[in-house]
Amino acid sequence: MHPFASYVLRSYYRATGWNEDNLYANLTRSSNAILDFSVPRGLHLSISKAPNGLFNTSYSMNAMPSLNGSVGYIFTSCNLDVKSSGSVRFKDMVERFKVYDQPRRPEGKEEEWLAGERADTRDYLLYGRLYLPTGRLDALYSTRLSPTLQALVAAISDPRSSLSSEKRSRGDNVSNVMFSLQHDIGKWCSEYTYSAEDGMWGMRILHNFGRLRNPTEPPEDLNSSPGTRPKRVDEEEATGGGLKGRVSAGAEFYISAKERSAGVSTGIRFTTLPDATPPSFQLSQPSSSPLAQSSRSSPSQPPTTITALFNPMMGHISAAYAARVSRDLSMCSRFDFNVYSYDSEWTMGAEWWMRRAALKHEDELEPSLVPPKQPSVPVPQAEFLDILSDIHGVVKARISTNNNVSLMWEGRLKQMLVSLGFVSDLSSRSKPIKAIGLELSYFSAG
């Protein structure tokens, strides 16, 4: 379950038009959502409040195994549409498998002029969290320098009064400041970072092959027939079968002058194009027509993401395959191998969405859930079906060749979001359950 601060940050990116998915750091985001989900440890309680669209507060407490807590505040320059835990779209609060839309060049805000001078200001976000009783302080500042340029400053200040004398003698410092500059033009996205604690410089770059999508252009219809456009003289007949998608490739390089070390990695990703079947509210035919019934059928190709990463200095190779095999079931498999030590691990996982029966008539929906008759941006079919059907939970499972098994359920009970899970070690008879936890989250708006 996303923390409330992460939900606000994603809402800020969405409100300002920044695409956080077009980063090399998120290259394996789809497979990580299924295989690397975080199981809560102990008992965690979180209460948040959004008095208005600019200011948000959050309070959290860990009751088990030790008692501690934190207080956080978030301020943004633009009004955010933050929902309450009872009305927020459930999929927005869960890290999940998803085939992301084609990247596009970010667009800036419209210029505002007052008395012949620019009156609009840069968008920014300020976040701070204080942990008790340790006194650790986390801070984040994000601002848009231009439509395609974003700057971030993240800081950690930890007094660590319980730091051992041995660690002090080594000069360990848990406080740090990190600067990041992100440049996204759609087809290319680069990120430059600097960490003050270890003097590390880093660069990440991601390139998307193929044609970029225009923001005003409707999604490509995978079901359209070749006869809809004139055929060129030198054009060959399309071959059937296979997956239609796009390829992205990237790399990262970092070097630390203080540690006298460096690292490099590269990765590639293939992802299918999102299904472009129009949702039912964009169809002029009644719901009993064959065209409307076909819009509820499965997409023309299964949403699939294939990724591969290689770190030549560490000798680590990772390949993952993730796909949505049905409307509510997604599965993923990943193989990790080290060419130096010959260590390997095979991990498999799945996520299954739990939902109630879909509503049959639009008048049964709440007014806030009724979609517009002619939306400005086409809504994918899967997203619209989520509106008609009430998703109330998701079950995630993971098993690997190192005998670790993880199971977690995330859902909504009344006005509260709940996460319950455990981690088990099948090879240990004395302690088969490594961890078990429960997380309760409640937040309100207005």
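**A walk through the strands, rings and turns**

Strand 7 and strand 8 form a hairpin with two residues between them. Strands here are DSSP runs of E with at least two residues, helices are runs of H or I with at least four, and both are numbered from the N terminus. This is a predicted model, in which local features need pLDDT of at least 70, side-chain atom pairs count only at pLDDT 80 or more, and totals for chains, interfaces and linings use all residues. Residues are numbered from 1 along each chain as its sequence is written, and side-chain values use heavy atoms, with hydrogens and water left out.

Strand 7 and strand 8 (residues 149–157) pair in the antiparallel sense, over nine bridges. Two strands pair if DSSP finds at least two bridges between them. Arg144 has Gln150 in strand 8 as its bridge partner.

Now step back to the neighbouring hairpin. Strand 6 and strand 7 run antiparallel and are joined by seven bridges. Tyr127 is the bridge partner of Leu140 in strand 7. Four residues lie between strand 6 and strand 7 in this hairpin, and Gly135 takes a positive phi near 80° there. Pro133 sits in the loop between strand 6 (124–132) and strand 7 (137–146). A cis peptide bond joins Leu132 to Pro133, with omega about 5°. Arg136 lies over the face of Tyr131, at 5.7 Å from the ring centre. For such a contact, NZ of Lys or CZ of Arg must be within 6 Å of the ring centre and within 35 degrees of the ring normal. Elsewhere, Arg398 lies over the face of Phe37, at 4.4 Å from the ring centre.

Next come strands 13 to 15. Strand 13 is joined to strand 14 (residues 304–311) by six bridges, and the two run antiparallel. Across that pairing, Gly267 stands opposite Leu309 in strand 14. Strand 14 is in turn joined to strand 15 (residues 316–324) by eight bridges, again antiparallel. Phe310 has Ile317 in strand 15 as its bridge partner. The hairpin of strand 14 and strand 15 has four residues between the strands, and Gly315 takes a positive phi near 70° in it. In a regular strand, side chains alternate between the two faces of the sheet.

Positive phi also turns up at residues other than glycine. Arg260 has a positive phi of about 55°. Arg260 lies in the loop between strand 12 (245–256) and strand 13 (261–272). How is Arg260 placed, buried or exposed? Arg260 is exposed, because its relative accessible area is 79%; buried means under 20%, exposed over 50%, and partly exposed in between, with a 1.4 Å probe and protein chains only. Lys414 also has a positive phi, of about 60°. Its place is the loop between strand 19 (404–413) and strand 20 (416–425). Lys414 is at 78% relative accessibility, so it counts as exposed.

Ala50 gives a contrasting view. Ala50 belongs to strand 1 (residues 42–50). Its relative accessibility is 2%, so Ala50 counts as buried. What does Ala50 contact, leaving aside neighbours within four places in sequence? The partners are Phe55, Asn56, Val82, Ser444, Ala445 and Gly446, where contact means heavy atoms within 4.5 Å. Leu80 is 30 residues from Ala50 along the chain, and their C-alpha atoms are separated by 9.7 Å.

Turn to the rings. Rings of Phe, Tyr and Trp (its six-membered ring) pair if their centres lie within 6.5 Å; planes under 30 degrees apart count as stacked, over 60 as edge-to-face and the rest as tilted. The count comes to ten aromatic pairs. The rings of Tyr12 and Tyr13 have centres 5.8 Å apart and planes at 45°, so this pair is tilted. Both Tyr12 and Tyr13 are buried. One aromatic cluster is formed by Phe4, Tyr7 and Phe443.

What about the cysteines? Cys189 is at 3% relative accessibility, so it counts as buried. Cys332 is buried too, with a relative accessible area of 5%. A search of the whole structure finds zero disulfides, a disulfide being a pair of cysteine sulfur atoms within 2.5 Å.

Finally, the whole chain. It holds five helices and 21 strands. Of its 446 residues, 38% are buried. Among contacts between residues at least 6 apart in sequence, 58% join residues at least 24 apart. The chain exposes about 25,200 Å², and carbon and sulfur atoms supply 59% of it. Accessible areas come from the Shrake-Rupley method with a 1.4 Å probe; for residues, only the protein chains shown count as cover.
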